[in-house]
Amino acid sequence: MNVKFYQDLIDDELSMNIILGMKGLVEIGTKKSNLEREILKDISSKKIFQNKNEAYKFLKELYENGLSHLEDKLLKFDPRLVIEEAMIFFTPLIRLSILKLNGKIDLEGIKFYFPKIYKSLNSINNNDEEDIRILFDTLSSYIGINKKAIDVLVNVNLVRIEENQTASSLNRPSGKEFLEILDFSFGVCRLFNFFQMVSKEKESDFSDNTIYVENGELYYHNSKDFMVDLATNAAFKDFTYPVKNSELNKIYGLYEEEFGFSPKKVLNTFNVMFKPDSLEMVFCSRKDEFRKLINISKGTLTYKGLVTLLKTDICLEYNKQDRYEFIFSDKCKVSAKGLVKIQDNYFFNFATIASYSIKLGNNLLNQDFLRNHELSSKKISRHLANSYAEKWLVNLHSKLTSENIWIQIQVKNFEQKFNFPDSRGTTKEVDFILFDASRKVLLIGEYKNWQDVSFNFLGMHKEQERIKKINKSHINLLSVLELEKRDLFELLNLEIDYAKLELINVFENRNVLSNNRELDSEKFNIKNFTRVEFEKFIEDNKPHFYKLKENNKS
């Protein structure tokens, strides 16, 4: 088993990135693969592109050529054994993800499994917000980039199996050979994302300096931050929802009652396979063998639950869909699944099952899960809509008011107090409002607990367009409120004379706009946070928030 080999490698590489701080984070985001050097080596003179279409065609050929090089490199290896090796490499990645779950580092676990990373943490100033941000972005970017490379590599090999892309001599890659393959897979991911990015460049902004090749290297300056954002975006799906255990038990209990599955039941079902000396092994089972794992008295999946998950969610399988769509899929990927199905066999290890259980736990808290998998339960839908969807807001209100901080949530019916010249495209309600008394800023907030966070560029572009529409509707509201601030203060029962208005977006999962970035609209600032980042922002700024009056606590 190569788990220790890969774990030590991650420990070495990531500890150095952490010590380097921002420079280390930039190195992760701008890393080039040997694949790029290999397919660009014959372009010695500077190659420029006169327009976006030229660059688009070049990058399309480039990523397809890169994929062909990866497939050629894989020819001498058994695709099933490459997939197994990828799952073994996945083990320390998932271990690291869990040790930094929810923005908190398990120092004892890090010390045990990643001693060099543990030592490198001494270079971090725990009181410096920027140092902490860089640390978590570094961890998440490293994990995210490697996860994506693993996802693409596994999918390429599933396609190889279906298309019989094998040579007569089939071997298992050594640890060193696997790392060379993984580097090529990373290169393919990078080139594919460049291809997607250039499709969204504005023709009017495109110049011969936007993207070019020189001395065998590809330069795309707009991609520098994007690669880090992309990786961080993927890794931060590891955040769990802020729900009390009693509420989780209620929701998961409904899924168990209606469908026979829950995250705990998935773990209970497969845990019998994972002995202390086999946590790093890759298992291969047939469907009929899974039935033997069902033991209701021990809290396992029911047969109905097992069959439902096998049909809808837990399996990664290539069903002869478009090969490029599958290889670069944002949903069909081993990092989001528990089992890899190859013909009639299912491959899995502790890492895939543990990772899947965490993600399933998050996904079950969102109504999209039922809809996306064509499952129907009025009981679950009603509970999520009425009891859970706004749970975070209720908890936020309860926490802050208990600490004598003024906050209002789910503020509605603005049209009863204000004049809306054209109500189309203007929201009439906001999720929460806080007042930063030190800056004299009224923070008007929107919370989105979206389940899906895209990794590929096109998905992220659609996500940003969706956010822009929401921002526009809220900016329209702020424009109306700006004209009648005194009426707004009266509506909110705020005894203040002046305040600037600022829009706050809080996303349950990270996206490219997150990480406390400020976007200037024509009149108003917009700040974007993940839920975890916003909770930290609240904690750090408690002394600055407007306090409740003794006779007006609610």
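Let's start with a definition: angles between axes under 35 degrees count as roughly parallel, over 145 as roughly antiparallel, 65 to 115 as roughly perpendicular, and the rest as oblique. Axes are lines fitted to C-alpha atoms, for helices over the stretch in contact, and the angles run from 0 to 180 degrees between N-to-C directions.

Now, what we are looking at. This is a predicted model, where local features need pLDDT of at least 70 and side-chain atom pairs count only at pLDDT 80 or more, while totals for chains, interfaces and linings use all residues. Residues are numbered from 1 along each chain as its sequence is written, and side-chain values use heavy atoms, with hydrogens and water left out.

The overall picture comes next. The chain has 22 helices and 13 strands. Both are DSSP runs numbered from the N terminus: helices are H or I with at least four residues, strands are E with at least two. There are 554 residues, and 55% of them count as buried. Buried means under 20% relative accessible area, exposed means over 50%, and partly exposed is in between, with a 1.4 Å probe and protein chains only. Contact means heavy atoms within 4.5 Å. Take contacts between residues at least 6 apart in sequence: 76% join residues at least 24 apart.

On to helix α5, residues 79-99. How do α5 and α8 run relative to each other? Their axes come within 10 Å and cross at roughly 160°. So α5 and α8 are roughly antiparallel. Helix α8 covers residues 129-163. On the α5 side, the contact includes P79, F89, F90 and L93. On the α8 side, I143, I150 and L153 are among the residues involved. By class, this contact has 15 nonpolar, three polar and three charged residues. Nonpolar here is Ala, Val, Leu, Ile, Met, Phe, Trp, Tyr, Cys and Pro; charged is Asp, Glu, Lys and Arg; the others, Gly among them, are polar.

V82, E85, A86 and F89 of α5 meet F178, L179 and L182 of α9. That contact has six nonpolar residues, no polar ones and one charged.

Last stop: D106. Where does D106 lie? D106 is in the loop between α5 and α6, and α6 is 107-113. D106 is partly exposed, because its relative accessible area is 37%.
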